[in-house]
Amino acid sequence: MLWIIGLVLLLAACSNSGSGSKDDAGDKAEKDSSSEQDKASDEEVTIVYARNVDSTGAIDLVIEAFEEKFPNINVKYREMPADSGQTHDQYVTAFSAKSSEIDVFNADVIWPAEFAQADYALELDRFIQKDNIDMDAYFPGTVASGKFNGKQWAMPNYTDAGVLYYRSDIVDEPPKTWDELIEMAGKYQGEKGTEFGYIMQAAQYEGLITNAIEYIASYGGQIVDEENNVVADSPETIKAIKKMKEVVNSDFVPDNITNFKEVDTETAYIEGNSVFARNWPYMQASAADEERSKIVGNSKITTMPAGDEGSASSLGGWMAMINRYSEHPEAAWEFVKFLTGPEGQKITAIHGGRAPTLKALYDDPEVKEASALFANPDFKKVLENAVSRPVTPIYQELSDIMQIELSRALAGQQTAEETAKNMQMKIEKAMNE
């Protein structure tokens, strides 16, 4: 009997010993896991940031400030070609091969949907939520450019938008609407040696699309809506195309306006040949250049003219994205967050002349002092009114369709109704292929 009791006690002891070992192992595994996480967070890593050429040196200052704040993360800057098309193609080559050589990259505002659809980019929503990033702090159009299928794929880095230039020595108050522009351009044409009332970009290239979007959005139209539906054939878009045709076929624009690109607009305007001009903000510096400009001190900017639904400016600029195949996504996010946050954008604005995407920076005294453009309240209004071009994975194909159809409309080869119908049909077909 005693040997039975002894055996029971021995088994109980073994059972307790085994149970204790399991708990200890679990605690050890949990501690090891926690230790590994701590080690990972403290581990020194190097990430590669690829972006287009920066001649200002501002990006070096951003990287320096980031590395000082995050001494365990080293950032290697890879300079991409100045030609954005070449940069795009190099990205596609690398990402389609699932290469992890690039961690963070700058993307033109028209690329995020394409890269998201192709599975090249990492969705950012979990990072944004984890760090409580206030996306409402950015201009709406810049956020929309990085959003596709309900997810955020890119963070707004720096921005650009179409503005209306006017000769302040000719016009006291700029036009508020397209109809006022038409009236004033005709009225003041010829004043102070001007040859034209208005100039824009109407050649068959991407610039035509940015101009057209400003008409279309100002009248409440769209080409592709937020659910990726093609909505080009609408009364609003038809009305906008008619207004654009009215401007392009007026007597106050150059006879060769359908050959005009940005450089042609810039040259004609700073030579003193036009009362009004539509272009990007960079032209303000050209107009103030005493060696090149004949209108120094006589040029101002304002918001684009309004249609039935208000003023709209086509959005340009660049976004920051993370390669889906990055081996250091957490470190990559820390850099993206810094680059597109207040600290990084302030450096880029002051030292690089890049327009911030964060609204609050336009109230920062140092940012305002860095550029007359950033201190101009009208420029902030322009950015508040900025709209993205159609967000779609096949943007380039869509752009080509629009360029052809709009050029035909401006040349008088088809009506606004036919143009909207053709765009609807051809874009739908392209998106369904």
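Contact here means heavy atoms within 4.5 Å. The model is predicted: local features need pLDDT of at least 70, side-chain atom pairs count only at pLDDT 80 or more, and totals for chains, interfaces and linings use all residues. Residues are numbered from 1 along each chain as its sequence is written, and side-chain values use heavy atoms, with hydrogens and water left out.

View A. F66 lies in α2, residues 58–69. Helices (H or I, at least four residues) and strands (E, at least two) are DSSP runs, numbered from the N terminus. F66 counts as buried because its relative accessibility is 0%; buried means under 20% relative accessible area, exposed over 50%, partly exposed in between (1.4 Å probe, protein chains only). Neighbours within four places in sequence aside, F66 is in contact with I73, V75, E334, F335 and F338. L339 is 273 residues from F66 in sequence, yet their C-alpha atoms are 8.2 Å apart.

View B. N157 is buried, at 3% relative accessible area. Residues up to four places away are not counted; N157 then touches Y49, N106, W318, M319, A320, L339, T340, Q345 and T357.

**View C. Helix α8 against helix α17.** The axes of α8 (residues 206–218) and α17 (residues 395–410) come within 9 Å and cross at roughly 75 degrees. Axes are lines fitted to C-alpha atoms, for helices over the stretch in contact, and angles run from 0 to 180 degrees between N-to-C directions. From α8, E206, L208, I209, A212 and I213 meet Y395, S399, M402, Q403, L406, S407 and L410 of α17. These residues divide into 8 nonpolar, 3 polar and 1 charged. Ala, Val, Leu, Ile, Met, Phe, Trp, Tyr, Cys and Pro count as nonpolar, Asp, Glu, Lys and Arg as charged, and the others, Gly among them, as polar.

**View D. Aromatic pair Y91 and W111.** The structure holds 21 aromatic pairs (ring centres of Phe, Tyr or the six-membered ring of Trp within 6.5 Å; planes under 30 degrees apart stacked, over 60 edge-to-face, the rest tilted). Y91 and W111 pair edge-to-face, 6.1 Å centre to centre, with 85 degrees between the planes. Y91 sits in helix α3 (residues 84–96) and W111 in the loop between β3 (104–108) and α4 (112–117), 20 residues apart. Both are buried. Ring pairs link Y91, F95, F105, W111, F115, Y120 and W318 into a cluster.
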